[in-house]
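Please keep the sequence and the model in view while reading.

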Amino acid sequence: AVSRPDFRLPKSHEAFARANRVIPGGVNSPARAFGAVGGEPPFMAKAEGAYLFDIDGHQYIDYIGSWGPMILGHGHPHVREAAARALELGTSFGAPTVREAEIAEAVAAAVPSIEKVRFVSSGTEATMSAIRLARGATGRDKVIKMAGHYHGHVDALLIQAGSAATTLGTPNSPGVTAGAAKDTLLCPFNDADAVAALLEQHRGEVAAVLLEPIAGNMGLVPPGPGYLEALRALTERHGVLLVFDEVMTGFRVAYGGAQALYGVTPDMTTLGKIVGGGLPAAAYGSSAKVMDRVSPAGPVFQAGTLSGNPLAMAAGLATLETLREGHAYERLEALSARLAEGLGRAARDAKVPHVVQRVGSMLTLFFHDGPVRNYDDARRSDTALFARFFWEMLARGVYLPCSQFEAAFVSAAHTEADIDHTIDAAREALAAAAG
Ligand code: PMP
């Protein structure tokens, strides 16, 4: 048995109250407040390998990995050494460095759609800049996005966005003007006919079709067979840029991202999370022709004081090199398949409606009969059961994403024993949550 009947968080409770006095909701990013599952979050003291340690003395097997970046686990020696060496040389220069070209070369070599790439500091900046560039390059205003897909808190993209925006029930945030929203056209995910219809209806007006090629922000929802291929053909026919937001999937589902996994090359790609190795970095890239429209090479303006930050570039490059040279993806596949299979078996035995959806090391156990193909399907999940399950797992030392509408991430630092412990915990947790 792995239960912890004495699970309490008194120090975290105090820390949360303190934080709430000076930080809205006590957190610097909403999902961390556990709003979707009710209750208060443990405050973290440190992380090592596959584990998180809270200030109340609990250890957890970590399945959020900082919401994606920590694919090698926390504190991988190569990444730590690279960041430590960079730290000694200076944390920010506001002037170019050789490492920026080195990591740009690594990204261009890895990601099929990218010849040139610009580094920024967050995924939000990457998608914001990518749609500005798509509009600048095509001279058109409209962008098609998929319901339930999250692209950061860009005004024009906070329309039926997934992630914490879904969880908090505010897909359309106050403060987003009608003007910012009016050029965003919505489609359900996995429905190429809907995209075709919009492209017909708005002939000559659409700059880009933007999507998560594998949705991660409404829980894990893979593209159906032929869907990405259909979008590729449609966008080509209409002269519209196809933009894959691979902030989550880039270097995650394969070294070259979802586009390498499925063999569908978009016109433009956004990256984040893993590319910064756990430090703030993200990027957008495309052909040299498109990217040369970005300032100072071209007229589309985009800049950043901390863009290409030396610490982030060092951690990112060390992460990419470790992924490229090792066998991480085979290991991640084996561990993740074991986890998905074990969770599925546990849920079947507990007789709860469920489906486990997975691509590589991203997965979601939906409390839904399945399959979950789009946002409407996802929203029919039993979120109350999810919340009970989440707390039962936390009490057993397993830190899952705190919402039904988020993907869990396995890292190369997880062991078979961690996976098996998680499955044992899930058996107990499901019995407790469903009972
Ligand atoms: N795009 C996707 C697909 C994401 O998953 C996220 C973050 N979860 C973002 C963009 C935004 O990235 P950031 O939080 O770094 O701004």
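In β5, the side chains of K142, I144 and M146 point one way while V143 and K145 point the other way, and all are buried, a residue being buried if 20 or more other C-beta atoms lie within 10 Å of its own, exposed if 12 or fewer and partly exposed in between, with C-beta atoms placed from the backbone. The strand is therefore described as mostly covered, 5 of its 5 residues being buried. Strands (E, at least two residues) and helices (H or I, at least four) are DSSP runs, numbered from the N terminus.

The model is a predicted one, in which local features need pLDDT of at least 70 and side-chain atom pairs count only at pLDDT 80 or more, whereas totals for chains, interfaces and linings use all residues. Residues are numbered from 1 along each chain as its sequence is written.

Which strands pair with β5? Strand β5 (residues 142–146) pairs in the parallel sense with β7 (residues 206–211) over 4 bridges, and β5 also pairs in the parallel sense with β6 over 4 bridges; two strands pair if DSSP finds at least two bridges between them. On the β7 side, K142 has V206 as its bridge partner and I144 stands opposite V209, while in β6 the bridge partner of V143 is T184.

These strands belong to an open sheet of 7 strands with mixed pairing, in the order β4-β10-β9-β8-β7-β5-β6. Because β4 (116–120) and β6 (184–187) stand at the edges, each with a single partner strand, one side of each is left without a neighbour in the sheet. The twist averages 20° from one strand to the next. Helix α3 (residues 98–110) lies across β4, β9 (268–271) and β10 (282–286), and runs at about 125° to β4. Contact here requires C-beta atoms, placed from the backbone, within 7 Å, and the angles, from 0 to 180 degrees, are taken between N-to-C directions of axes fitted to C-alpha atoms, for helices over the stretch in contact.

A second open sheet has 3 strands in the order β11-β12-β14, with antiparallel pairing. Its edges are β11 (355–359) and β14 (408–409), each with a single partner strand, so one side of each is left without a neighbour in the sheet. Strand β12 (residues 362–366) pairs with β14 over 2 bridges, and L363 stands opposite A408.

Around the ligand there are 17 residues, of which S122, G123, T124, G152 and V247 come nearest; a residue is near if its C-beta atom, placed from the backbone, lies within 6 Å of the molecule. Helix α4 (residues 123–138) gives the largest share of this shell, 3 residues. By class the shell has 5 nonpolar, 10 polar and 2 charged residues, where Ala, Val, Leu, Ile, Met, Phe, Trp, Tyr, Cys and Pro count as nonpolar, Asp, Glu, Lys and Arg as charged, and the others, Gly among them, as polar.

The backbone also has two cis peptide bonds, listed below.

| Cis peptide bond | Omega |
|---|---|
| S295 and P296 | about 5° |
| G370 and P371 | about -5° |

P296 lies in the loop between α10 (288–291) and α11 (310–325), and P371 in the loop between β12 and α13 (375–379). F251, although not a glycine, has a positive phi of about 60°, and F251 is buried, with 28 other C-beta atoms within 10 Å.

Definitions and conventions:
Two residues are in contact if their C-beta atoms, placed from the backbone, lie within 7 Å.
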